[in-house]
Amino acid sequence: MNVLGHTFVALAVGDDDPAYVLGAVLPDLAPMLNVRIDRSRLDGRVGEGVRCHIEADAVFHGLAEFRSGAAALRRDLAGRGLDRGPVRALGHAGWELLLDGALVGSAAETAYWRALGAGDSVIDAIAEPDRRRWLHFLGYRDRPPPLRYDDPTWVAERMHALLARRPRLGFPRHQLPDVARVLDSHARHVAAVAPEVLAATAEPLVRARPRPT
């Protein structure tokens, strides 16, 4: 799952505390920003949110719909001539980002931006050289840019930028149109199964959450 999917799960278990939601998205958000975080220093509500993230990923990655969808995406990307590394990365993360497309403009996106209001509370857990980058990112919380996970071309460009840091996973810019076309061919199916996938991911966490007495 990606940041909006994890926000959805955090809200589904009944917790809209910004610090909790921040913890739920932080394990994905930090690598996206190239920010290193010492998770052992994340406690309280943020730490609880991180545990929500880990539990949600364990459920999501075992879902048959995700596994078959990512495999189909990998197969089509390989058919376009991409190397094995990018194919594996795009098949997995590309499907997750398309899933976030179903949540663009939803309560999950609103809660995601609100969660960044708790961003200053984790500064001590961030590696000192990366703190300026984190604080710069937090500046967006007051003027949030549009998240366009519902646009396969934007997703392809986002993945190109993220994977460029990983030589074995990156792909050349001239393959961007092919990647965008493949993502576009899968986007409608991902959107159609998104409600079922998101509900199936959240359900075990909701059941396991202690009920108030």
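1. Throughout this note, buried means under 20% relative accessible area, exposed means over 50%, and partly exposed lies in between (1.4 Å probe, protein chains only). This is a predicted model, in which local features need pLDDT of at least 70 and side-chain atom pairs count only at pLDDT 80 or more, while totals for chains, interfaces and linings use all residues. Residues are numbered from 1 along each chain as its sequence is written, and side-chain values use heavy atoms, with hydrogens and water left out.

2. The structure holds 11 salt bridges, a salt bridge being a side-chain nitrogen of Lys or Arg within 4 Å of a carboxyl oxygen of Asp or Glu. In one of them the side chains of D130 and R133 meet at 3.2 Å, N to O; D130 counts as buried, at 4% relative accessibility, whereas R133 is partly exposed, at 37%.

3. R45 forms a salt bridge with D17, with 3.2 Å between the closest N and O atoms. This pair links distant parts of the chain, since R45 lies in helix 3 (residues 44-60) and D17 in the loop between helix 1 (3-12) and helix 2 (18-32), 28 residues apart. Helices here are DSSP runs (H or I, at least four residues), numbered from the N terminus. Both partners count as partly exposed, R45 at 27% relative accessibility and D17 at 25%.

4. R45 also meets the side chain of E48 in a salt bridge of 2.8 Å, N to O. The two residues are separated by about one helical turn, because they stand three residues apart in helix 3; E48 is partly exposed, with a relative accessible area of 32%. R45, D17 and E48 belong to a network of salt bridges that also links D15 and R209.

5. The side chain of H186, a residue of helix 9 (residues 176-208), makes a polar contact with the side chain of D76 at 2.7 Å. A polar contact is a pair of N or O atoms within 3.5 Å; within protein, one must be able to donate a hydrogen and the other to accept it, and residues adjacent in sequence count only if both atoms are side-chain atoms. H186 counts as buried, at 12% relative accessibility.

6. R67, R74, R75, R84 and R88 form a positive surface patch, to which helix 4 (64-79) and helix 5 (84-101) each give two or more residues. Patch residues have over 30% relative accessible area and no salt bridge, like charges being joined within 9 Å. Helix 4 supplies the largest share, three residues; R74 lies in this helix and is partly exposed, at 32%.

Notes:
Patches are made of residues with over 30% relative accessible area and no salt bridge: like charges are joined within 9 Å, nonpolar side chains (Val, Leu, Ile, Met, Phe, Trp, Tyr) within 5 Å. Accessible areas come from the Shrake-Rupley method with a 1.4 Å probe; for residues, only the protein chains shown count as cover. Lys and Arg count as positive and Asp and Glu as negative; His and the chain ends are not counted. The place of a charge is taken as NZ of Lys, CZ of Arg, CG of Asp or CD of Glu.
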